[in-house]
Amino acid sequence: MALTVDQVLALAPDPAAAAAGRKLASGSSWQSLGESSAAYWGECRGSAVYQVRVDRGDLASKCSCPSRKFPCKHALGLLLLAAGKPLPETAAPQWVSEWLEKRNAPKPMAKAGTPDPQAQAKRSEKRAERVLAGLDLLDLWLADLARAGLATLDESSFARMAARLVDAQASGLASRVRRIGELVGGAPSWPSLVLDELGLLALLSHAFRRLESLDAPLRNDLRQMIGFTMEKEEVVAAGDRVLDAWAVIGQQAYEDERFRSQRTWLHGAQSKRTALVLQFAAGRAAFPEALLPGSRIDAELAFWPGANPQRAMIFERHAVHPSFGDRLPGFDDAESFLSEAANALSRQPWLDRLCCPLRAAVPFSSQDGFLLRDAKGAVLPLSGLDHWKLLALSGGRPVDVAGEWDGRRLYPLSAIANGGFHSLRSET
């Protein structure tokens, strides 16, 4: 796999690690550099000599340095070196071979105890009672808001309601309430946005009370939105498994004081399906899967079951390719995308975001903000305040753009201009 500099930097856990990796991307700091079809390796001289190795299959790395960031600056420096020019092809040293053998060795099966069906049923019953009690509180709170009016709202009232839902073991619902609270007092149109979201919240509460009368896919969605989780084994058993060549067309990372999260959008060449891979990491730990924007992976994905399944996990990865081509897979005009979005929302009305890859569109700035015009002249508004990089890549000419659609605006994540892939990825 031939990497690009942008793809390597997309692996950095933070800007500081990326900058430090760039400084190490010269041969003067390295010795014993080498590569094979399976790995890159080298020894980096610093305050000590650190042994660095990277598995070319999934770009996992190991370094003898004490850094708690993954990948560390040494691994990033080694990958940037490999992206610049091929490393010497030599036999892997023992410390690389042993690491690869250990990684590829079959994992022992975990021994699971036999669950007590009666105890499980009792716990499920108690949780169901807590969730329904939490929904009762939510309905009363929504009724009070309707009587008092939106002018009385503040973010703290949403925080208090979210805390009650957490106590009711409805963590998913609590997260949704907190997100609505963050809209209060924001954009000039916030009352309309909040009202729409409160309506969906009420619909979710009422739908969950009629859970048994709904189709199985929608029941799965509702349970997940309330906060009932599915183990990976359950996802594999209950959801679709799709083997395809998946283009990594967009990625967005977020972080708070303790955790980082990453959303990656994939598009299947044969299935034409869009997949959303959600990943989480504590601190500066690496995400479980290295997914490089602009690359293509041959893999089997397992989708969470639902009325409009889009969240997926990588069940089995077969090969990684540096590029999926010089055009984005996607829609030729906004009307085609919006029609597809309407169909998705008719099946699952609580979808927060959809992936929108739009081909041959022209970004431009107006007094109404940034906009994207398709080949037929239709316009989609862009969210965010700074899209000058996208405009510079376009230069007034059509480009392929992939972004996240929230039902009102599109947030660009990547673009293909002049045959090259460009990530517009940012961390918020």
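Me: What makes two strands count as a pair here?
Reply: Two strands pair if DSSP finds at least two bridges between them. In this predicted model, four strands form an open sheet in the order β1-β2-β3-β4, with antiparallel pairing.

Me: Why are β1 and β4 called edge strands?
Reply: Each of them, β1 (30-35) and β4 (61-63), pairs on one side only. Across this sheet, neighbouring strands are turned by 10° against each other on average, direction ignored.

Me: How do you know that β3 and β4 pair?
Reply: Pairing takes at least two bridges. Strand β3 (residues 49-55) is joined to β4 by three bridges, so the two count as paired, and they run antiparallel. One of the residues involved is V52, whose bridge partner in β4 is C63.

Me: Which strands does helix α4 touch as it packs on the sheet?
Reply: Helix α4 (residues 94-104) touches β2 (39-45), β3 and β4, and its direction makes about 40° with that of β3.

Me: Now to another part of the chain. Why is Q224 called partly exposed?
Reply: Q224, which sits in helix α9 (residues 216-226), has a relative accessibility of 25%. Buried means under 20% and exposed means over 50%, so Q224 falls in between and counts as partly exposed.

Conventions
Residues numbered from 1 in each chain as written. Predicted model: local features only at pLDDT ≥ 70, side-chain atom pairs only at ≥ 80, totals over all residues. Heavy atoms only, no water. Axes fitted to C-alpha atoms, helices over the stretch in contact; angles between N-to-C directions. Contact = heavy atoms within 4.5 Å. Buried < 20%, exposed > 50% of the residue type's maximum accessible area, 1.4 Å probe, protein only.
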